[in-house]
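This report walks through selected contacts in one structure. Keep the coordinates open while reading.

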Amino acid sequence: MSDSSLDHYAHYQALKLRRHPQGILEIIMGAKGGAPGKLSTADERLHRELADIWRDVDTDPDTRVVLIRGEGKGFSGGGDLALVQQMADDFQVRARVWREARDLVYNLINCNKPVVSAMHGAAVGAGLVAGLLADVSIAARDARIIDGHTRLGVAAGDHAAIVWPLLCGMAKAKYYLLLCEAVSGEEAERIGLVSLCVDEAELISKAFEVAGKLANGSQTAIRWTKYALNNWLRLAGPSFDTSLALEFMGFAGPDVREGIQSLRERRPPNFGLDSPF
């Protein structure tokens with residue numbers, strides 16, 4: 001980043017950052033190597049940066065509001081399969097990524113600046129955490145929101161337990177999380193999973209419109225309202241901690257290996273019928 005106004009974020013490489021008038025900071029999740037038509041996947045660096053960025057936003061005096069979006073084919077892909085394989089094979093990697101996954105959720109909840117997300121195409125994985133924990137979440141009508149954990153063979157842990165039941169109710173949360181069903185942006189708005197849905201052509205302009213209103217409002221009033229409302233999420237902290245622990249326990253088990261292999265081979269997984277439970 002050559003812009004001196006972004007010196008606060010000089011160490012970020014996987015995330016692109018742009019400043020806009022009114023104190024709006026745009027965070028862009030781009031595909032690896034800037035490949036057109038590809039999805040941003042959470043490799044080792046992007047996963048770490050998504051966890052850390054919210055602490056830096058919190059202390060950035062020049063930022064009033066954040067707009068986070070994806071670049072190219074969609075908002076975000078799932079975890080990079082090479083990283084997922086390392087998590088299955090290496091305890092040290094698993095422990096490090098668990099800490100980052102925990103920090104991503106809590107750092108975003110505790111960030112005092114309001115966050116707007118603009119989701120198009122596929123919204124999966126670590127990026128989806130930011131997309132749904134944003135204070136105002138906006139989805140394109142044909143966006144496809146997917147929590148892919150059970151398809152991979154691990155518990156839905158990285159944000160689902162802390163926010164899905166609160167947003168769309170327990171019945172809908174269980175249906176989509178247990179079955180790993182995709183939710184369109186239009187359906188997500190209908191059930192309360194996102195704040196708004198718009199046509200994809202209007203997505204970015206609508207997100208900037210909302211961000212501008214937040215940037216022009218009373219910063220103390222907006223930030224303190226966010227803090228108070230997010231106590232609902234803090235109350236769900238024990239449920240989140242449990243779900244995250246169970247997710248990462250699953251990375252040490254046999255099902256995730258079948259999940260990884262089936263994704264590589266582009267076929268349905270065959271988890272078998274044997275279970276210790």
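A crossing is left-handed if the near helix is turned anticlockwise from the far one by less than a right angle, and right-handed if clockwise. By that rule, helix 3 passes helix 4 in a right-handed crossing. The model is a predicted one.

## Helix 3 against helix 4

Helix 4 covers residues 125-133. Its axis and that of helix 3 come within 10 Å. They cross at roughly 20°. Angles under 35 degrees count as roughly parallel, and helix 3 and helix 4 are therefore roughly parallel to each other.

Which residues meet here? Helix 3 brings Leu104, Val105 and Leu108. Helix 4 brings Ala126, Val129, Ala130 and Leu133. By class, the contact of helix 3 with helix 4 has seven nonpolar residues, with no polar and no charged ones.

## Gly127 in helix 4

Helix 4 also holds Gly127. Is Gly127 buried or exposed? Gly127 is buried, and its relative accessible area is 3%. The cut-off for buried is under 20%.

Leaving aside neighbours within four places in sequence, Gly127 is in contact with Met29, Leu50, Phe75 and Ser76. Arg223 lies elsewhere: its C-alpha is 23 Å from that of Gly127. In sequence, Gly127 and Arg223 are 96 residues apart.

## Helix 2 against helix 13

Helix 2 spans residues 81-89, and helix 13 spans residues 255-264. They pack at an angle of about 160°, and their axes are 10 Å apart. That makes helix 2 roughly antiparallel to helix 13, since angles over 145 degrees count as such. Helix 2 passes helix 13 in a left-handed crossing.

From helix 2, the contact takes in Leu81, Val84, Gln85, Ala88 and Asp89. From helix 13, it takes in Val256, Arg257, Ile260, Leu263 and Arg264. The residues of this contact of helix 2 with helix 13 divide into six nonpolar, one polar and three charged.

## Salt bridges

How many salt bridges does a search of the whole structure find? The search finds 17 salt bridges. One of them joins the side chains of Arg69 and Glu26, at 2.5 Å from N to O. Arg69 lies in strand 3 (residues 65-70) and Glu26 in strand 2 (residues 24-29), so the pair ties together parts that are 43 residues apart in sequence. Arg69 is buried, with a relative accessible area of 13%. Glu26 also counts as buried, at 2% relative accessibility.

Glu44 forms a salt bridge with Arg96, and the closest N and O atoms are 3.7 Å apart. Glu44 sits in helix 1 (residues 44-58) and Arg96 in helix 3 (residues 91-110). The pair links distant parts of the chain, 52 residues apart. Glu44 is partly exposed, with a relative accessible area of 37%. Arg267 forms a salt bridge with Glu258, with the closest N and O atoms 2.7 Å apart. Arg267 is partly exposed, at a relative accessible area of 26%. Salt bridges that share partners also join Arg18, Glu26 and Arg69 into one network.

## Leu233 in helix 11

Leu233 is found in helix 11, which runs over residues 231-235. Leu233 is buried, with a relative accessible area of 8%.

What does Leu233 touch, not counting residues up to four places away in sequence? Its contacts are Ile109, Leu133, Ile162, Val163 and Leu166. Leu133 also takes part in the contact of helix 3 with helix 4. Leu233 and Ala161 are 72 residues apart in sequence, and their C-alpha atoms are 9.8 Å apart in space.

## Positive phi angles

Gln22 is not a glycine, yet its phi is positive, at about 75°. Gln22 lies in the loop between strand 1 (15-20) and strand 2. At 42% relative accessibility, Gln22 counts as partly exposed.

Arg266 is not a glycine either, and has a positive phi of about 55°. Where does Arg266 lie? Arg266 belongs to the segment after helix 13. At 79% relative accessibility, Arg266 counts as exposed.

How values were computed: Residues numbered from 1 in each chain as written. Predicted model: local features only at pLDDT ≥ 70, side-chain atom pairs only at ≥ 80, totals over all residues. Heavy atoms only, no water. Salt bridge = Lys/Arg side-chain N within 4 Å of Asp/Glu carboxyl O. Helix = DSSP H or I, 4+ residues; strand = E, 2+ residues; numbered from the N terminus. Buried < 20%, exposed > 50% of the residue type's maximum accessible area, 1.4 Å probe, protein only. Axes fitted to C-alpha atoms, helices over the stretch in contact; angles between N-to-C directions. Parallel < 35°, antiparallel > 145°, perpendicular 65-115°, else oblique. Contact = heavy atoms within 4.5 Å. Nonpolar A, V, L, I, M, F, W, Y, C, P; charged D, E, K, R; others polar.
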